[in-house]
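This briefing is for a reader who is meeting the structure for the first time. It begins with one of the chains as a whole and then turns to particular helices and loops.

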Amino acid sequence: MTGRQKTFTLGGIHPEENKLSANAPIEVLPLPKQAIIPMGQNLGAPSKPIVNRGDLVKVGQLIAEAGGFISANIHSPVSGKVLKIDNVPDASGYKRPGIVINVEGDEWEESIDRSVEIKEEIELDGKEIIERVKEKGLVGMGGATFPTFVKLMPPPGKVADYLLINGVECEPYLTSDHRLMLEKGKEILIGTKILMKALKVKKAVIGIENNKPDAINHINELAKGYEGIEVQPLKVQYPQGGEKQLIKAALNREVPSGKLPIEVGCVVQNVGTAYAVYEAVQKNKPLIERVVTVTGKAVRKPSNFMVRVGTPVQELIDAAEGLPESTGKIVNGGPMMGKALTSLEVPVVKGSSGILLMQESESRRKPESPCIRCSKCTYVCPMGLEPFLLAKAAKVGRFDIAEKELVMDCIECGSCQYTCPASIPLLDYLRLGKSMVGAIIRNRKK
Amino acid sequence: MDNIVIIAVTALGGLGLIAAVILYFIASKFKVYEDPRIDEVEEALPSANCGGCGFPGCRAFAEATVKEAKENKSIEGLNCPVGGNDVMQEVGKILGLEIEQQAPLIAVVRCNGSKTNSPAKINYEGATSCAFAHALYSGEGGCQYGCLGLGDCVDACDFDAIHMNPETGLPVVNDKCTACGACVEACPRDIIELRKRGPKERRIFVSCVNKEKGGPAKKNCAVACIGCGKCEKVCNFDAITITSFLAYIDFEKCTLCRKCVEVCPTDAIWEVNFKPRKPKLPKVDATSTKEVTTGKKVVETAPTENSKQEQNKEGVPKEENKE
């Protein structure tokens, strides 16, 4: 790439990319014996089960309804008998409500179009698209799992003029979006068209980092056939895939503190979401499966799997030829933003993008030493915050200072902690500060 | 020369006099009456400014007591837990009121998930903050109700009364406890409770706050309350209630008969400062050999194939590229 590459201007880091599974085509994982479906798979209120113990369900049948406005429907990813509706352990080890289904066969709802043909023509109008997206339980596939239909309905007085499709995948190791762009490029572009129709915007930009030249070329080639869609190659820099960073990089617009992208006329959706929108609108298929990368330096076969939601992580690791002996930590997500798993029985959910097996040697944290005010964390913070100050404020319980210094703007990208030469768990304290300040703000509103 | 001196003295003296007169009238016009007893009460208080009484500091408490005494002729409900009965009697004397004797309280840690009773399945390396760890995951031993052992209660204590026991990984309260309640507030899992100190410091309490059913609770901790209800049946004084698979002993009703301690199948009920019983073995504490065996069983159910493997738990794993 020649010339100045587009990127965001504030902070950022460049960790080793380690995209080990970039050349592994997406494989369809066999069905699990038992599917565990947690009710809290999306940002916002958890869903409410509407099936009973012993019910027979089909693939794609609605099994849980949205539990509030910011919430999503959940459909059965498998066919079989509902074993129990009980508390199941989630990724953090806490027991939260969920549905366990014993898999029997693979019987789909008749209304779902399972043919492989690509359906170009968009028959639904804008309102129907939003209704369909809501009904099929779509959430943001980038990891934040914000219900998609909410993003498609700008608040009154706000108009979107740009749709951004996030194909950046700036997390090291993860390749699920990369493979999806290579293998389902056409579907993603149709999905983008559908989203454009729903939002009534004329222009869409697909942002892809320069470390995926094959995906850039492929999507560029296909995009010629679609009016208004353009591909924007971006410099490799973490966290380019952050919503606000992507807007700054691709459109040079800055989202004000505490505001949503719609404030500057943008809506950002992940490529995975665009694909899910295509399937929901054109094929009437709810969000029941997604691409998950299983990777790590010691993994025998780094792979990308098309997995049904509810499949235990253990099965994914087995499919990648087992757990390496040197594994020290199993991370749900990428190495920067992912959270370590407490058990291998936890299932894949709508927001899982990867399973990273870290070796013992690379997973250990270095012992913490005192802050020397080198300000490296401030330098790399993509939101322009002062992580050392916020972390200290949260540590000593001065949440008033943390709020004043805009802790709520933190996107939890982890750049500060990655850079810190004193190995201070800055992000841990920032997360503590965020949750406490969030609670204080909510109480104030009441 | 003399003239200048006289003029200066009279001018300045006159100015001072006028200012004094003005100030006198202003002072009497805007006078704020403050009950002298507030100062006296404040003097009697321990000046720890710990907030244990529910007021921001001793001065605020003194103001509140004097106000309450003036309005209601009683200061019921107001108590300085740090000063205890002695201080409250003195406060009563200043205010001319009879103060009822209050039973002294002490902070009690209701968790026995020590390293042997609830062995670590995962290894936590994140920030040393219970509040953060509580938001992040269920705990090293797997119990989502149990003590995280990161010492938020120790940090909160102003009286040097609570310390971590490095062997068990649990906090221990000593005699310096004034029942100010700072640790109760600090614990994100509501494990610490203020209970009556009891006669001769004798106490009986359920050392568990796990609300899970028996099976899952026992899976993570050998000494968890499984909600079997044996103690509830054996108690003659209706002091024990079981709600969501967890027994709770009401210290107001408990007569310290120790029957419940004998029947508890998981040793979840603790007796403190009693003389050892004659026919039976003395009550074992957190680290007994019996529990180690049950503890091993838990290790086997750890999620990874390889038993030496450990999973870390931390907010964002830091990648180390150079090995």
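Two residues are taken to be in contact if their C-beta atoms, placed from the backbone, lie within 7 Å. On that basis, among the contacts in chain B between residues at least 6 apart in sequence, 62% join residues at least 24 apart. The model is a predicted one, and the points below describe it by topic.

**Chain B as a whole**

- Chain B contains eleven helices and ten strands.
- Of the 323 residues in chain B, 41% are buried.

**Helix 4 of chain B and its surroundings**

- Helix 4 of chain B covers residues 84–95, and at 1.5 Å a residue its twelve residues should span 16 Å, which agrees with the 17 Å that separate its end C-alpha atoms.
- The buried residues of this helix are B:Met88, B:Val91, B:Gly92 and B:Leu95, and because they cover an arc of only 105 degrees around the axis, they are placed on the same side of helix 4 of chain B.
- An α-helix has 3.6 residues a turn, so residues three or four places apart point the same way.
- The partners against which the buried residues of helix 4 of chain B pack are helix 2 (36–44) and helix 3 (58–72) of chain B.
- After helix 4 of chain B comes B:Gly96, which has a positive phi, near 70 degrees.

**B:Ala44 in helix 2 of chain B**

- B:Ala44 belongs to helix 2 of chain B, and because 21 other C-beta atoms lie within 10 Å, B:Ala44 is buried, the cut-off being 20 or more.
- When neighbours within four places in sequence are left aside, the residues in contact with B:Ala44 are B:Val87, B:Glu90, B:Val91 and B:Ile94.
- B:Asp86 stands 42 residues from B:Ala44 along the chain, yet the C-alpha atoms of the two are separated by 9.8 Å.

**Two crossing helices in chain A**

- Helix 4 (residues 185–199) and helix 7 (residues 271–282) of chain A have axes that come within 7 Å and cross at roughly 80 degrees, and the two helices are therefore roughly perpendicular to each other, a description that applies to angles of 65 to 115 degrees.
- On the side of helix 4 of chain A, the residues that meet helix 7 of chain A are A:Glu187, A:Ile188, A:Ile190, A:Gly191, A:Thr192, A:Ile194 and A:Leu195.
- From helix 7 of chain A, the residues taking part are A:Val271, A:Ala274, A:Tyr275, A:Val277, A:Tyr278, A:Val281 and A:Gln282.

**Backbone features in the loops of chain A**

- Most residues other than glycine have a negative phi, and most peptide bonds are trans.
- A:Tyr238 and A:Pro239 are joined by a cis peptide bond with omega of about -5 degrees, and A:Pro239 is found in the loop between strand 11 (229–234) and helix 6 (243–251) of chain A.
- A:Thr145 is not a glycine, yet its phi is positive, at about 50 degrees; A:Thr145 lies in the loop that runs between helix 1 (126–135) and helix 2 (148–151) of chain A, and with 19 other C-beta atoms within 10 Å, A:Thr145 is partly exposed.
- A:Ser423, also not a glycine, has a positive phi of about 55 degrees; A:Ser423 sits in the loop between helix 13 (415–419) and helix 14 (426–445) of chain A, and because A:Ser423 has 13 C-beta neighbours inside 10 Å, it counts as partly exposed.

Key
Residues numbered from 1 in each chain as written. Chains lettered and ligands numbered in written order. Predicted model: local features only at pLDDT ≥ 70, side-chain atom pairs only at ≥ 80, totals over all residues. Axes fitted to C-alpha atoms, helices over the stretch in contact; angles between N-to-C directions. Helix = DSSP H or I, 4+ residues; strand = E, 2+ residues; numbered from the N terminus. Parallel < 35°, antiparallel > 145°, perpendicular 65-115°, else oblique. Expected span 1.5 Å × (residues − 1). Buried ≥ 20, exposed ≤ 12 C-beta atoms within 10 Å, placed from the backbone. Arc of directions from axis to C-beta.
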